[in-house]
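User: Could you walk me through how to read the packing in this model? I would like the general idea each time, and then the case at hand.

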Amino acid sequence: MNSTSATPKIKPSPALVQQLRKETSCSIQKAILALSTTSNDYQKALEWIHKDLTEAGQKAVSKLSGRTTSCGLVAISPLSNGLGVEAVGNIGSPLRVGMVEVNCETDFVARIGEKIMFRRAAAITSSPVPPTSDSALSVGLYAHNSTTPADAKGSSGTVAGAVLVRLKAENLKSLLLSQFQDPRGVEWRKEYRGLERALARQLVGFETIGIKALTTPGSQGGAQEGPMPLYAQEFHTYGPLAARLPRYEGLDLRNVGRSLEQWSKASGIENGTVEVLEYLKWKVGEEA
């Protein structure tokens, strides 16, 4: 018998209605129906409410089970990745970046009855290193088709990527930490943030398989069709930045690996390197 179709038999007690609503968070109509159906027996009314909620939940699951969730967003947030251009990476503070994917049936998720599913989550983390360290980790982030406000800490879109970068240099702390007052510090950190973002955009914009290319004599990158290692790809996303900064105009952008080697020398880091260690790329609805 459907419990919601029962006919009220007696007038429910207002005090019990209030108590039942407080304990179960049910509507006033459900509380009245439960108590009147059970002759103001509070314990039986409580059981009636629980049974009704179970039946309603099963109906909702059954209704939504056959509906697909092919739309949604991938959101990515730098919980701790340095503070803009004031500091970069995990020198003196932990590195923490989170990524989640949420799926839904349509782009109009405010519609009543929309099926929404939390699909997956991941994190990139690293413990802090001391200011005396000659290496640090940071993460470049990018989300495609993003509608996130410009001042938001994170971003979301239909495709998102994160690139874990290791920077090594003898003059690392003077470049990465504002308190050491390197005359080029802020400017250099802006340039480095631009490089991080370009690497993440490259990852998101091009089919990538692995990081470093196989050692092939004469390989120039960009000629092969289909997915390629990141380092073998032509560095399309850094071209506009390099064109605006004289010190990087001469970079060989025919592949990412060679570009990073030359960027390290041109940027002013002392006996250092910039290296991609790992990456994470998700597309809404893809097979995990």
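Analyst: Gladly! Let's start with strand pairing: two strands pair if DSSP finds at least two bridges between them. Strands (E, at least two residues) and helices (H or I, at least four) are DSSP runs numbered from the N terminus. Here strand 1 (residues 71–80) and strand 4 (residues 95–104) pair in the antiparallel sense over nine bridges, with Pro 78 bridged to Val 97 of strand 4. Strand 1 also pairs with strand 7 (residues 155–157), in the antiparallel sense over three bridges; there, Ser 156 is the bridge partner of Ala 75.

User: What kind of model are these values computed from?

Analyst: This is a predicted model: local features need pLDDT of at least 70 and side-chain atom pairs count only at pLDDT 80 or more, while totals for chains, interfaces and linings use all residues. Residues are numbered from 1 along each chain as its sequence is written, and side-chain values use heavy atoms, with hydrogens and water left out.

User: How many residues does the largest nonpolar core have, and which have the most contacts inside it?

Analyst: In soluble globular proteins, nonpolar side chains tend to be buried together. A nonpolar core is a set of buried Ala, Val, Leu, Ile, Met, Phe, Trp, Tyr and Cys residues joined through side-chain atoms within 4.5 Å; buried means under 20% relative accessible area, exposed over 50%, partly exposed in between (1.4 Å probe, protein chains only). The largest one here has 34 residues, and Tyr 192, Leu 195, Leu 199, Tyr 238, Trp 263 and Val 274 have the most contacts inside it. Helix 5 (185–205) is among the elements that give two or more residues to this core, and its eight residues are the largest share. A second, separate core of 15 residues includes Val 97, Ile 124, Ala 160 and Trp 282.

User: At what angle do helix 5 and helix 7 pack?

Analyst: Two packed helices are described by the angle between their axes and the distance between the axes. Axes are lines fitted to C-alpha atoms, for helices over the stretch in contact, and angles run from 0 to 180 degrees between N-to-C directions. Helix 5 and helix 7 pack at about 175°, with axes 12 Å apart, so helix 5 is roughly antiparallel to helix 7 (over 145 degrees).

User: Is Glu 191 buried or exposed?

Analyst: Glu 191 counts as buried because its relative accessibility is 7%. Not counting residues up to four places away in sequence, Glu 191 touches Arg 184, Leu 245, Arg 247, Tyr 248 and Trp 263.

Terms used. Angles under 35 degrees count as roughly parallel, over 145 as roughly antiparallel, 65 to 115 as roughly perpendicular and the rest as oblique. Contact means heavy atoms within 4.5 Å.
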